[in-house]
Each structure stands twice: as C-alpha cells, then as structure tokens.
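Here's a quick look at how two chains pack, inside and against each other. Have the viewer open while you read.

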Amino acid sequence: MSEGGNEESVFKESKREEGKATRSWCCCCCKRPAQFVIEKGPNSRNGARLAMYATDPSSSMADNLVTTPTEDHISDIQTFRQDCSQKDNSIRRRTCEQRCKKCCKKFMTFFFSNIGLCSLVVAYSILGGFIFQTLEAPHEIQKRHLMTKRRALYAQELWNFTDSRDIFFEPNYTRVVEMLLVRFQTDVLLAKKDGWDGSDGDVEPLWSFAGSLLYSVTVITTIGYGHIAPKTFEGRLVTIFYALFGIPLTLLCLTNMGSFLGNCFRLLYKHLCQLLKWMCCPPEETVTKRRSVNSPGSTIRSKSVSSRSDLSQQQELHPLQLNADDKSTNTLKVAPLKAPIVRKDSRGKTRSRSSSPSPTSKEPPGVIGEINIVVEDYDNPKMNTDHKVEQIRVPIFVSLLIIAIYIIGGALMFSMWENWDYLEGSYFCFITLSTIGFGDYVPGSISRTENADSRKKLIICCVYLLFGLAVIAMCFNLMQEDVRAKFRWLGVKLGLIEEK
Amino acid sequence: MKGKKEKMDDEEEKKSSAIDCLIEHASIAAAIAEPEDDIDDKGERKQTVVRSQVTRQRRYKATCKEQTAVCLKRFCVYMASYVGLTCIVVGYSILGGIIFVELESDHEDRIQEVAEDLMNTHTSRLNQRLRMILQQHNFTRIVDLSETIKDELQDFQQQTYQLVNEEGWNGDYEMGNDTLRRNKWTFSGGLLYSVTVITTIGYGFITPRTTAGRAITMLYALIGIPLTVLCITNIGRGMASLFRALYGGTFCVECRQQFLNTVKNKRSNSTAIDTIELEKIDPDQVSIAEYNHTHQETEVPIIICLLLVAWYIVFGAIMFSIWEKEWDYFVGSYFCFITLSTIGFGDVVPGFSNAEWDDQVKQVTCSLYLLIGLSTLAMCFDLMQQRGIALANKFGKFIGLVKPGD
C-alpha cells in the first residue's frame with residue numbers, strides 16, 4: 001500500500017504495540033461486519049493508517065469491499081474516532097510518567113522556540129557576568145592598589161634623592177629624574193598591559209557587574225572588545241569554555257530570531273506595499289507570489305502539511321473510488337460526501353472543490369486523504385503556525401536601509417552620551433555590529449566617575465548589541481533569496497554556471 | 001525498432017558527459033559485432049541500426065571533441081574559483097595593509113613626538129619642584145612640596161595612560177639614541193590589521209586613530225567581510241571534499257580508471273554485448289567530468305572533525321609559545337582559541353608582546369595562521385554538516401520540534 005502522507009496517530013501518546021490493533025463491529029448500513037484496522041504502514045513512525053475493511057469471515061476480502069459508502073460509514077468513522085479518543089484518554093490517565101515525559105518534551109520544545117532561546121541567551125550572559133566578576137575583580141583591585149603603592153615608592157625615591165644632596169647640580173638631577181620617570185613609565189605601561197585601567201580607586205572598576213555583563217556578551221557574540229580581558233588563569237580558562245558553549249547557542253538564537261523577525265517584516269512589507277498600491281491605483285489587484293512555503297524557521301511539519309493539503313486539493317473528493325492498484329491490499333478508499341463534510345485545511349480555508357478523479361494517481365486518494373485530515377485536525381489543534389508567510393521578496397536595498405538606519409540611530413545616541421563626534425559614533429556602531437569589535441571605543445568606559453551613569457550606559461550598550469545583531473540576522477534572512485538569485489544571474493552571465 | 005531508435009536518440013540528446021562517448025563507442029562496436037542471425041523483421045532493424053550508427057559515429061567524433069572542451073573548461077572554472085578567490089582575498093589584505101600604513105604611520109610618528117614632549121615637560125617640572133624643595137628651609141613647606149611630587153607623578157601617569165589608550169602610543173621612549181623605535185604600523189602590522197578586519201576578528205591593539213583611517217576601515221570591512229566569508233566557505237568546501245576523498249580512500253582518478261578497464265574488457269568480449277546493458281549504467285554514478293561525485297559520499301565522523309580543529313589549536317599553541325618567551329602553552333592555546341573563534345581580544349598577540357616586538361616574520365605568520373585556521377574551521381563545518389544535520393534532526397524529533405517522518 002502506498003502511503004498517503006504523514007498522518008498523526010490518534011494514539012499519539014499511548015503506548016501501542018507494533019502492528020495492528022483491530023476493532024470490529026457491525027456496519028449498520030450494509031449489515032456486514034466491518035473492521036477498522038490500525039496498522040503501521042511502511043513509512044509511518046508512530047503514525048497510523050485507518051483502513052476500513054468490510055470483512056465477512058466466510059468469504060474472501062475482495063468480495064466484501066463496500067462499494068457504496070454512505071454517511072453512515074462516515075459516522076462510523078467518527079464513532080470509532082471518539083471511541084479511540086476515549087480509550088486514548090483512559091490510557092493517558094493511566095500513565096503518569098508518560099505525562100511527565102510529555103511535560104518535559106513540551107518544556108524543551110518551548111525552550112528551543114524563539115522566546116526560550118532568547119531568554120536562555122540572556123540568562124547565560126547574566127550568569128557569565130557574575131562568574132567573571134567574581135574571577136577578575138579581585139585581580140583588578142589588587143592591581144590598582146599596587147600602582148598607588150608604586151607611585152608612592154617612586155615619590156619617596158625622588159624625595160630621598162633630594163634629601164641626600166645638599167647642592168643642586170642641574171644636569172645630574174635631570175638625568176636622574178629622567179631615568180626615574182622612564183622607569184615609572186615602563187611600570188605604568190606594564191600595568192596597563194596587565195589589565196590596569198589607569199585609575200586609582202574611587203572609580204568604578206572595569207570588572208563591575210555591568211562591565212562583566214558586557215564582557216560576557218562580547219564573548220558569546222564573538223565581538224570581543226578587549227578593553228577588558230581576563231588576566232587570571234582561571235578567567236581565561238573559563239572564557240574558553242564559556243565561549244565554546246555560548247557561541248553556538250547565540251548563533252542558534254540569532255538565526256531563529258532572524259527568521260522570525262524576517263517573517264514579521266515580510267508581512268509588514270506586504271501590507272505596506274498593498275496599502276501603497278491601493279492608495280496609488282485602487283482597482284488594480286496585486287498579485288503576490290504564492291508558493292508552497294517552507295519558511296526557514298518553521299518546523300518541517302509545515303512542509304508535510306502543505307504538501308498534503310496540496311495533495312488533497314489535487315486529489316479529489318469523489319464519492320467512490322476503487323483504486324485498481326490496490327487490489328492486493330484490499331483497502332477501501334472511501335471518499336466522503338462533500339456537502340456534509342467540508343474540512344478546513346491548514347490555512348483555514350474550506351475546500352469544497354470537486355474535479356475529476358484521477359484513477360491512476362499514485363497517492364491513494366479519498367479516504368486516506370480524508371481520514372488523514374480528520375485525524376490530524378483532531379490531534380493537532382495548533383497546526384503549523386509558522387506556515388503563514390508567503391515568500392515575498394524584499395529588495396536588497398530595503399534590508400541595507402534598515403541596517404543603515406540602525407547604525408545611524410546608534411551613532412546619534414552614543415555620540416550624544418559620550419561626547420564623541422558622529423563619525424566616531426558610527427565607527428563604533430559599525431565595528432560593533434560587524435562583530436569586529438576593536439574595543440578602542442566603548443561607551444561607559446571613559447566617564448566612569450559617575451557610577452550609576454556608567455552602569456546604565458554599559459547595560460544599554462549590551463542591549464543595543466544584541467538587538468542590533470538580531471536586526472542584522474533578520475536582514476540576512478531577508479536578503480538571502482534576492483542575493484542568491486542575483487548571484488545565479490551573475491554566474492550565468494559569466495558562464496560559470498550552466499543555465500538549466 | 002523505431003521506438004528503440006528514438007529512445008537512443010533521446011538519450012543521446014539528454015546525456016552530456018564524456019561517458020556518452022564511451023557508451024556510444026562500445027555500443028557501436030557491439031552492434032557492429034552482432035551475430036548474423038537476423039530474421040526478416042530483424043533484418044530491417046539491423047539496417048536502421050547500422051544507418052543510425054554511421055551517423056552516430058560521425059556525431060560521436062564531434063561530440064567527443066566537444067566533451068573534452070567542456071571538461072577542460074569545467075576544470076579551469078573549478079580551479080579558478082578556488083585559486084582565484086584566494087588570490088583576491090590575499091591581494092585585498094595586502095592592499096589594505098599598504099593603505100592603512102600610509103594613513104596611520106604619520107599619526108604614529110606624531111604621537112611619538114608628543115610622548116617625548118611629555119617626558120621632557122615632566123622631567124623639567126619635577127626638576128623645578130625638587131629645586132624648590134632644596135632651596136626651602138621652612139619644614140612645613142617642604143612637606144607640602146613633597147606632596148606635590150606625588151601629584152606630579154600622578155599627572156604624568158594619567159597622561160601616559162591616556163596617550164597609550166587613546167592615541168595608540170606604543171610605549172617606546174628613546175633615551176638618547178639607544179633604543180630602536182618600534183612601530184606598530186609597519187607593513188606586516190598593517191597586513192595583520194587588514195586580515196583581522198576582514199575576518200571580523202578585530203584585535204584592537206592596533207586601531208586606526210585618524211579620521212580617514214576609520215572611514216576607510218568601515219568601507220574596507222563592508223567589502224572585505226562578504227568577500228572573505230565567500231572565499232573561506234568555498235575553500236572549506238573544496239578542502240572538505242579533498243578530505244573526504246582522502247578519508248574514504250578512493251580517488252576519482254581511480255574510479256575513472258576502473259570504469260575504463262571494465263569498458264575495455266567488455267569491448268574485447270563484445271560478441272554478445274547487449275547495448276541495453278551498457279545503457280543501464282547510470283551515468284551519474286561514474287561521470288568523469290562531474291565535480292560533485294555522488295558516489296563518494298563518505299561521511300567523516302564528527303569526532304575526527306573536532307579532533308582536527310583541536311589539533312590545529314594545539315599546533316598553533318606550541319608554535320607560538322616556543323616563539324614568544326613569555327608565553328606558556330596555556331597562553332598560546334588561549335590565543336589560538338580566541339583568534340579562531342573570531343572573538344579576538346588582542347591582549348596577547350604574537351609579534352607584539354613585550355619581549356621581541358616588531359618581529360615582522362611573526363606577524364606575517366600570525367596572519368597566515370589566521371586565514372588557514374579559519375579555512376580549516378570552514379572545512380570542519382562542511383564535513384560535519386551531514387552528520388550534524390542528522391543529529392539535529394534526531395534531537396529535534398526527540399524534543400518534538402520536528403515531527404517524525406519529516
């Protein structure tokens with residue numbers, strides 16, 4: 001028997017044995033015993049296929065195929081379904097641990113959806129902030145005290161030098177002072193390399209919580225400023241492992257966010273275009289591309305549903321169909337009557353078309369298709385919610401415009417706060433959002449005398465970062481198709497790719 | 001009869017690989033060597049077959065030439081795409097190095113002068129203070145003045161720090177003419193800088209300080225980053241297929257040789273060759289001119305890919321820690337990891353650490369290590385793709401995101 005596509009089993013959650021489960025009763029219309037068989041088809045996993053057999057124990061299968069299905073058959077199916085669902089419920093109530101398992105699965109599904117991932121990333125960076133602050137702040141404070149002491153030592157040395165001399169011999173002094181200053185300078189530079197921030201102690205340390213948070217975010221987004229970097233052995237080791245797990249996590253989250261935002265933007269763009277067209281030339285109908293969609297962020301579930309709905313569209317609800325190919329399998333393909341049973345497909349549109357049947361269709365039409373949808377609708381109230389966007393092609397310049405606006409907006413904001421000029425602000429935004437991340441400009445690092453202010457700035461910087469990367473992911477998602485098409489065109493033009 | 005002839009013609013038109021030549025050649029040979037036991041209705045068939053075969057012979061010669069031309073062109077394109085892109089990226093980074101050195105070395109010289117001025121100023125000021133102290137006899141004034149020494153030193157410290165932080169001073173001070181000036185913005189430094197920009201690593205210990213430098217950096221990155229991403233993914237893919245071939249132990253050349261041998265054998269015993277049998281050989285499986293050999297789908301296990309990356313990091317760690325006297329193995333591997341993940345703090349960089357700074361060879365080697373390392377990463381991602389996707393699918397099924405059977 002050929003598979004009619006993927007179907008949801010009514011017994012999705014309960015344990016079932018491999019093979020068949022049969023229930024039989026008398027078919028009320030034709031007064032023949034009928035049997036509903038749930039069996040595993042060749043391609044189904046925990047799916048099932050409901051096949052209705054009309055069996056008479058005395059004669060062979062082929063003789064007993066019901067040839068005129070009626071509504072009663074359909075109601076039989078429905079009763080059977082209810083029956084099954086009751087059994088299903090009882091089974092569900094019985095197994096508690098399976099409920100737990102289901103809960104766990106749902107929890108993980110939620111987690112790996114958009115919201116879950118985003119909150120996971122945020123939580124991960126906050127955790128990182130705490131960890132790195134604990135590891136690195138003591139070292140920094142120690143360094144500060146060391147520098148203060150050093151300076152005092154140098155002053156003392158100068159003082160001692162003057163004390164030991166009675167007369168002032170200028171060239172001698174100059175040389176001694178110069179040498180001392182050079183040594184002092186070398187010390188300052190070495191301390192800077194070792195992570196000293198140049199301040200004395202009343203300023204907020206680099207490795208405050210906000211600073212560590214910014215640091216964690218720059219690690220997991222691979223920006224890597226470097227204006228603070230771990231100097232202790234433990235700090236570096238933890239950074240390596242933190243990055244090992246954080247970078248794929250963030251990439252996953254950003255990709256998800258990108259596709260989700262991309263879908264939203266496409267919808268918005270489509271409505272905007274329609275609005276504009278309606279405003280410009282009202283009677284014209286816009287034609288938007290409609291392809292069977294598999295938007296990147298959606299689950300593969302949507303693809304199968306769309307293919308099935310297409311299938312059922314093609315297939316045809318013909319009252320009666322005996323598939324010649326399936327003699328060996330004795331499946332009755334019962335197509336329901338159209339009028340009473342108008343099923344909604346995944347997009348919420350009702351299908352009530354009819355056209356000529358295709359007896360040589362490869363896929364079993366009719367019942368299998370119908371029962372599929374029946375079962376599926378029952379099981380799957382929330383069908384492919386991602387499967388709602390048509391593949392609008394947003395032109396490249398729109399995406400580039402979005403990025404440019406975001407960079408300019410950030411530049412304005414930061415240059416106002418930090419007294420940079422606009423070029424420096426946009427330089428900072430560009431270098432940050434492209435994940436190059438030099439670290440020569442970091443908001444909140446210069447004016448660190450006002451602690452609350454600097455904390456706020458650092459956190460806003462983190463938020464700007466993460467959101468900016470999501471925007472860039474969205475633009476990549478939007479640009480993908482267009483860029484690919486253009487490259488293909490270019491390749492064909494250059495003769496690199498053969499035109500098919 | 002007619003149907004078979006039409007079928008042959010159709011197939012001729014559809015197939016476009018060199019295998020066709022061989023198939024046709026063999027089939028012609030076979031047909032010509034067919035036994036002479038024709039019945040009447042078969043006689044007509046033989047005539048039509050021979051007639052079509054004569055025309056096919058002529059066409060065969062022409063198509064064979066075409067085929068070799070196509071093969072050659074494909075090979076050139078294949079090589080050009082890899083070699084060409086690499087050359088473009090290398091050339092782009094060299095160009096960038098030259099441009100940025102031009103733009104920034106003046107500023108660096110100026111900063112050096114500022115640093116020397118700073119030193120001179122503070123030296124003379126300290127001198128003044130000290131003289132005042134010496135010439136003071138009032139004790140309380142002496143204590144006050146000694147405090148001012150500390151303030152002087154603090155001021156000096158702050159200005160030095162600012163010079164290094166904001167202006168990028170490298171911290172060299174020439175006392176007399178003893179020390180050699182070490183410039184950050186040498187050609188090798190500029191090259192390293194350009195490479196870190198286009199690979200988005202972005203160290204930060206060398207950064208442009210002039211306005212022109214910054215503007216050009218942005219433009220340079222805008223063009224360079226997509227270019228580099230393209231190049232590295234391409235090279236990664238190429239290296240991955242090479243690695244797969246090595247890992248699987250089969251080379252395309254061998255496959256071709258094998259096939260030719262079998263064909264030769266068949267032609268020598270061609271009295272009973274069935275042309276249909278030859279046509280049954282799937283051209284996709286043994287195509288010579290195709291680059292994506294579908295029969296060579298050896299999957300490299302993920303462990304090996306990860307080991308490859310780990311090996312590269314360890315190799316870099318050992319190399320750099322031997323070169324840099326201050327580094328131990330951990331610092332070396334920390335540097336390699338931070339670099340290859342494109343985080344790129346820039347706190348430890350070979351060729352720019354304290355001991356032997358301005359070692360141009362080290363800096364150039366660092367750039368090369370970078371680029372090759374990123375290509376290796378791309379190769380590993382490509383190798384892991386299939387397995388990774390299968391694993392992700394499994395995981396997705398498990399957590400219920402992916403419906404089973406999709």
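What follows covers the interface and then the cores.

This is a predicted model, where local features need pLDDT of at least 70, side-chain atom pairs count only at pLDDT 80 or more, and totals for chains, interfaces and linings use all residues. Residues are numbered from 1 along each chain as its sequence is written, chains are lettered from A and ligands numbered from 1 in the order written, and side-chain values use heavy atoms, with hydrogens and water left out.

Here's the interface of chain A and chain B in brief:

| Item | Value |
|---|---|
| Chain A, residues in the contact | 78 residues |
| Chain B, residues in the contact | 72 residues |
| Buried area, chain A and chain B | about 6,600 Å² |

Contact here means heavy atoms within 4.5 Å, and buried area is the accessible area (1.4 Å probe) that two parts lose on being put together, summed over both. Carbon and sulfur atoms give 71% of that area. There's one salt bridge between the chains (a side-chain nitrogen of Lys or Arg within 4 Å of a carboxyl oxygen of Asp or Glu): B:Arg214 pairs with A:Glu424, their closest N and O atoms 3.8 Å apart.

Now the cores, meaning sets of buried Ala, Val, Leu, Ile, Met, Phe, Trp, Tyr and Cys residues joined through side-chain atoms within 4.5 Å, with buried being under 20% relative accessible area (1.4 Å probe, protein chains only). The largest nonpolar core has 114 residues, and those with the most contacts inside it include A:Phe428 and B:Tyr203. A second, separate core has 25 residues, among them A:Tyr173 and B:Leu118. Back at A:Phe428, its contacts include A:Trp420, A:Tyr441 and A:Cys461, leaving out residues up to four places away in sequence.

Key:
Buried < 20%, exposed > 50% of the residue type's maximum accessible area, 1.4 Å probe, protein only.
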